[in-house]
Every structure is written in C-alpha cells, then in structure tokens.
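Hello,

Please find the structure below, with its sequence. My notes on it follow.

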Amino acid sequence: MASTLTTWTCKTSVNENIHHARKMGKTANAHDFHDTHDTCDTCGTKRTTTITILGISRKVPCVCRCQAEAQALRKRDEQRREIIRRIEKLKKYSLMDARFRNSTLAAWNDDVGCPKLKKTILRYVEAWPEMKTCNIGLMLLGNPGVGKSFAAFAVANELISRHREVVIAVSAMGLLARIRETFNRQDREAEIDIIRTLENASLLVLDDLGSEQKTDWATAMLYQIIDNRYRSGKPLLITTNLSLQQLQQKLTGYDQVVRTYDRLMEMCQPITVKGPSQRAAVARSKRDQLIQLITSET
Ligand SMILES: Nc1ncnc2c1ncn2[C@@H]1O[C@H](COP(=O)(O)OP(=O)(O)OP(=O)(O)O)[C@@H](O)[C@H]1O
Ligand SMILES: [Mg+2]
Ligand SMILES: [Zn+2]
C-alpha cells in the first residue's frame, strides 16, 4: 500500500515537471525526470549546469528557480530585519527622551491632544518628502503642558517608522549639557562627533528651545547647530515656551545681531498651540488608574 502511494506521488511530480517544463517552452518527457537530480522536482528548472574550464567540462550544482526565489525572500527578510534593527538602535541612541518614546500618532489621545495640532502634524508627516526637499520645519510655540513635545516626538517617531528617516530628537538643554561636558573635558573630537551626528539627521527636533540658561557659550553653540542645519538645507523642528519676541531676545548674542532667530524664522513655520495644560488631565487619569489598582480584588 505504501509503495503504491509512493509511486503515485512520484508520477504526479514527474507529470508536474513535464507540464512545467512545457510551459517554459522546453520539450520534455517522463524519462528526463527519472533517475536524475539535474532538475528540481518542484519547479522543474535546472539544478545542475555544465561549465567548461580549460577545456574540461564538468557538471556543477546551480540554484533552481524555487531555490533562487527562496534565497531572494530570505535576503529581503534579512534586509527588513536590518532596517528594523537600525531603527531600534536609532530610537535607543538618538538622544530621545525615554518619556517620549511612546509619543506616536497611534498613541495620540484625542481627549488630551489638540485636534488641530494632530491634523497639522499628520499632514506634515504625510508630506514629508516635500517638506524635506524644501527644508520646511515647524516651530511649536505655547504654554507649558499643551502637548508640544508630545506632538514633536510623534513626528520624530512617525518619520523613523514610516519614512525610515534618521531623526534626532533631543531637549535643547540636554544637548547643550552634553556638548558642554565634552568641552569641559577638552574632548574636541567628541564635540565634533555630536555636531556631525546632528548634521547627518534628516530631521532634528530641538525640544524646549529657550529653556537653557543664556550664556555667550550657549548662544554661540545654538547658532552653530542651527546654522549647520540651515547650510545643509535640512529641516528643524523646535518646541518652545517662549513667544517669538522672547525667543529672538534669547537667541541674540552680545553683538545684538539676530542671526540665529533670522535663520529659524526662515526654516521653521511657527504654530501656536493653545489650550489648557494637559498635565492635570494626565495626573487625574493616573490617579484613577492607581485607585482602580488598589481597590480591585484579585
Ligand atoms: N496628544 C496627546 N496624547 C496623549 N498624551 C498627551 C498628548 N499631548 C500631551 N500629552 C501628555 O500631556 C502632558 C504634557 O504634554 P507635553 O509634555 O507634550 O507638553 P508641552 O507643551 O511640551 O509642555 P512644556 O512646554 O512644559 O514642555 C504629557 O504628560 C504628555 O504625555
Ligand atoms: Mg515640552
Ligand atoms: Zn526548484
């Protein structure tokens, strides 16, 4: 019984191979597929080929069509995994504030976030290729707690996952502190390294610009960072609590030339985010969660 079944299976496979071979314009008969492994049982294409080296011909294995397809699939899979690894690494090392790693459009809470702002950033993300080409960035202005950072980090996360972009999202104050640290260590190489990394990013998010202490060093460093973006024609997204006038004052150095602010205004489209601070709402929801946890019976 078992042998009948085997013969039947074999015949089918031979018939399939003949059919496949005919479809591919070859003449074949059952004999061609017996007693030889030259042809693949599955796709019917060659698994060996003859090569001639120095006048000597020999049969060598080669990949049949289904093997080639499987290899291509594996390669594509590997490439995808590599992209995902790069994105994860980027998320980890992109100086991104851990709090905002989950600030995505998917996590956007409509009860908390401003709907107009959501629409704006959604459009920005969708139109990213044009935004990138034309070097159009955003400047989110507004009072504390209105959701500026959440929105800025949502853009950063979306560009990483949707457009596979290299994005650096960092608090302006934290970034300056890091550069200052290398400066104090007289580690010029590390300082250049940070600045170069910033230059390489397709989008740089400077969160809470203007919250840093105003010193000649900070003013000069911010000028360098912003001017680098300007020169390389790459977009910048900033958030700030300051008004435009306050920001101008903050970024202007001792010589009173408004060079940094002027560049910012050319690169970033100002958007004022209005509304109450969302921190109270977040605190309320956390308190409700805690109460539920404490009072629930397990
Ligand atoms: N769209 C949103 N969906 C869910 N949570 C949000 C949203 N917007 C803001 N939040 C939450 O509200 C709080 C305040 O938001 P966020 O920190 O973005 O405000 P901000 O405008 O940057 O404030 P600040 O000027 O003080 O930095 C945070 O806890 C944040 O996670
Ligand atoms: Mg903020
Ligand atoms: Zn095959």
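Subject: ligand site and core

Helix H6 (148-163) and helix H12 (279-295) each contribute at least two residues to the shell around ligand 1. Please keep in mind that this is a predicted model.

The ligand first. Ligand 1 is surrounded by 18 residues, and the closest are Gly113, Pro144, Gly147, Ser149 and Gln278. H6 provides the largest share of this shell, three residues. By type, the shell around ligand 1 consists of nine polar, six nonpolar and three charged residues.

Next, the chain as a whole. Its secondary structure amounts to twelve helices and seven strands. The chain has 298 residues, of which 24% are buried. If we take contacts between residues at least 6 apart in sequence, 72% of them join residues at least 24 apart.

In soluble globular proteins, nonpolar side chains tend to be buried together. Here, the largest nonpolar core contains 45 residues, and those with the most contacts inside it are Ala152, Val155, Ala156, Val167 and Val205. H6 gives the most to this core, namely nine residues.

Which residues is Val155 in contact with, leaving aside its neighbours within four places in sequence? They are Ile121, Tyr124, Val125 and Leu237.

Regards

Technical notes. Residues are numbered from 1 along each chain as its sequence is written. Chains are lettered from A and ligands numbered from 1 in the order in which they are written. This is a predicted model: local features need pLDDT of at least 70, side-chain atom pairs count only at pLDDT 80 or more; totals for chains, interfaces and linings use all residues. A residue is near a molecule or strand if its C-beta atom, placed from the backbone, lies within 6 Å of it. Helices (H or I, at least four residues) and strands (E, at least two) are DSSP runs, numbered from the N terminus. Ala, Val, Leu, Ile, Met, Phe, Trp, Tyr, Cys and Pro count as nonpolar, Asp, Glu, Lys and Arg as charged, and the others, Gly among them, as polar. A residue is buried if 20 or more other C-beta atoms lie within 10 Å of its own, exposed if 12 or fewer, and partly exposed in between; C-beta atoms are placed from the backbone. Two residues are in contact if their C-beta atoms, placed from the backbone, lie within 7 Å. A nonpolar core is a set of buried Ala, Val, Leu, Ile, Met, Phe, Trp, Tyr and Cys residues joined through C-beta atoms within 7 Å.
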